[in-house]
Amino acid sequence: MRTLLLVFASSLLCLASSPADGEWSWKMASPFGELNARAVMKVEDGKLTGAFYLDDSRKLEIVDGKADGEKLIFTLKRNRPSGGSMTYEMTGTIKGDSIEGSAKALEMGATQNWSAARKK
């Protein structure tokens, strides 16, 4: 009986969602104005996946995403309208229904703060 209870409890823990799971309203200031996106994230076994939807035609996939409790680390790559691409190393910390983080633009060497709020 005890073994059955342990197996059941372990199964419930595996089904528990990560604090990152769900849909977020994301924003970040840039030299060209504020960037906004709808971010959808999911964590399974410490791997963070999902995408940032900047508009109907621009979707940035999360690459090499990792989640450890409230800490997030991932990469976003985007194509530039003038050609080439930009790679952002993203970090963030979840605090309830919000995330505070920073984005380092590798090609420019600049770092910018970002935030997200959970969509309800």
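Why does Trp114 count as buried? Trp114 has 3% relative accessibility, so it falls in the buried class (under 20% relative accessible area; exposed is over 50%, partly exposed in between, with a 1.4 Å probe and protein chains only).

Before going on: this is a predicted model, where local features need pLDDT of at least 70, side-chain atom pairs count only at pLDDT 80 or more, and totals for chains, interfaces and linings use all residues. Residues are numbered from 1 along each chain as its sequence is written, and side-chain values use heavy atoms, with hydrogens and water left out.

**Exercise 1.** Work out how Trp26 pairs with other aromatic rings.

*Step 1.* Count the aromatic pairs: the structure holds four.

*Step 2.* Take Trp26 with Phe52: 5.3 Å centre to centre and 85° between the planes, which makes the pair edge-to-face. Trp26 sits in strand β1 and Phe52 in strand β3 (residues 47-53), 26 residues apart. Strands here are DSSP runs (E, at least two residues), numbered from the N terminus.

*Step 3.* Now Trp26 with Trp114: 6.4 Å between centres and 45° between planes, a tilted pair. This one links β1 to strand β9, 88 residues apart.

**Exercise 2.** Find the strand partners of β1.

*Step 1.* Two strands pair if DSSP finds at least two bridges between them.

*Step 2.* On one side of the list is strand β2 (residues 35-44), antiparallel to β1 over seven bridges. Here Ser25 has Arg38 as its bridge partner.

*Step 3.* Look at the hairpin of β1 and β2: there are six residues between the strands, and Gly33 takes a positive phi near 115°.

*Step 4.* Next comes β9, also antiparallel to β1, over five bridges. Met28 is bridged to Trp114 in β9.

**Exercise 3.** Say what Arg38 does besides bridging to Ser25.

*Step 1.* Check the rule: a charge sits over a ring if NZ of Lys or CZ of Arg is within 6 Å of the ring centre and within 35 degrees of the ring normal.

*Step 2.* Apply the rule: Arg38 lies over the face of Tyr53, at 4.4 Å from the ring centre.

Note on methods
Phe/Tyr/Trp six-rings, centres within 6.5 Å; stacked < 30°, edge-to-face > 60°. Helix = DSSP H or I, 4+ residues; strand = E, 2+ residues; numbered from the N terminus.
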